[in-house]
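Here are my notes on the model, point by point. Have the structure open while you read.

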Amino acid sequence: RSAFAEVNLAVALGSMDDDDRLGIAHFIEHILFVGPTYNSVHPLLRSLARKATDVNAWTDRYLTRYETSSGENVSEQIEALLGLTREIITTPEAMEIERRIILQEIEEGKYEPGNYNWRMRMLYPNVTGLHHSTDGTSESVKSLTLSNLWHHHHRWYGPSNMLIQVASRLPHDEVLDIIASSWLLQAPRSEC
């Protein structure tokens with residue numbers, strides 16, 4: 001239906017919201033993106049990836065963002081992104097694999113070099129959320145449990161904390177219908 005479509009789903013959850021569990025927002029993004037079978041990309045995104053769709057996810061200090069872009073059906077993109085954010089479905093073994101990947105990213109200083117974090121501590125001494133990498137620390141990532149991830153996900157991943165942006169030729173009403181039929185608006189979520 002659409003010659004080109006891009007769908008972005010942003011969750012207002014970043015490393016500033018990690019509280020005492022540094023790196024948890026980033027860890028949740030990793031677990032959700034790879035999905036329950038841990039096969040590099042969530043099963044809901046696989047058919048899109050086979051069609052050369054761009055799929056990506058990342059966490060920064062303020063947001064976690066999931067995105068797709070393609071010349072294919074926009075409804076499939078919306079449903080996939082909403083579906084993968086619904087709940088954490090993983091095994092302890094898959095969590096350990098992902099933990100090793102994140103620890104390697106921390107070791108390599110892949111995202112934020114130490115001098116950036118030092119500069120944030122100097123400029124904003126009272127804003128502790130700016131004093132660490134979005135990845136967390138080796139110690140904090142090693143201490144995260146599946147229960148921590150589930151609890152944090154349940155607290156932050158809900159309709160009042162998510163924004164979906166759709167750029168396509170799909171009529172606005174059809175986009176709203178897709179969202180209305182998803183898990184996102186089906187039942188109120190309780191606070192943890």
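1. Let's start with Arg99, which is buried, at a relative accessible area of 7% (buried is under 20%, exposed over 50%, partly exposed in between, with a 1.4 Å probe and protein chains only). Bear in mind that this is a predicted model, where local features need pLDDT of at least 70, side-chain atom pairs count only at pLDDT 80 or more, and totals for chains, interfaces and linings use all residues. Residues are numbered from 1 along each chain as its sequence is written, and side-chain values use heavy atoms, with hydrogens and water left out.

2. What does Arg99 pair with? Its salt-bridge partner is Glu96, with the closest N and O atoms 2.9 Å apart (a salt bridge being a side-chain nitrogen of Lys or Arg within 4 Å of a carboxyl oxygen of Asp or Glu). Both residues sit in helix H4 (residues 92-108), three residues apart, or about one turn of the helix (helices are DSSP runs of H or I with at least four residues, strands runs of E with at least two, numbered from the N terminus). Glu96 is partly exposed, at 35%.

3. The structure holds two salt bridges. Arg155 and Asp19 form a salt bridge whose closest N and O atoms are 3.1 Å apart. That pair links distant parts of the chain, 136 residues apart: Arg155 is in helix H7 (residues 146-156), while Asp19 is in the loop between strand E1 (5-11) and helix H1 (24-34). Arg155 is partly exposed at 39% relative accessibility, and Asp19 is partly exposed at 48%.

4. Now the inside. The largest nonpolar core has 41 residues, and Phe27, Leu45, Tyr66, Ile78, Leu149 and Tyr157 have the most contacts within it (a core is a set of buried Ala, Val, Leu, Ile, Met, Phe, Trp, Tyr and Cys joined through side-chain atoms within 4.5 Å). H1 gives the most to this core, with seven residues.

5. Ile78 is worth a click: leaving aside residues up to four places away in sequence, Ile78 touches Val7, Ile164, Val166, Val175, Ile178 and Ile179 (contact means heavy atoms within 4.5 Å).

6. Last, the surface. Leu123, Tyr124 and Val127 form a nonpolar patch with about 270 Å² of accessible area together (patch residues have over 30% relative accessible area and no salt bridge; like charges are joined within 9 Å, nonpolar side chains, meaning Val, Leu, Ile, Met, Phe, Trp and Tyr, within 5 Å; areas use the Shrake-Rupley method with a 1.4 Å probe, and for residues only the protein chains shown count as cover). Leu123 belongs to helix H5 (residues 114-123) and is exposed, at 52%.
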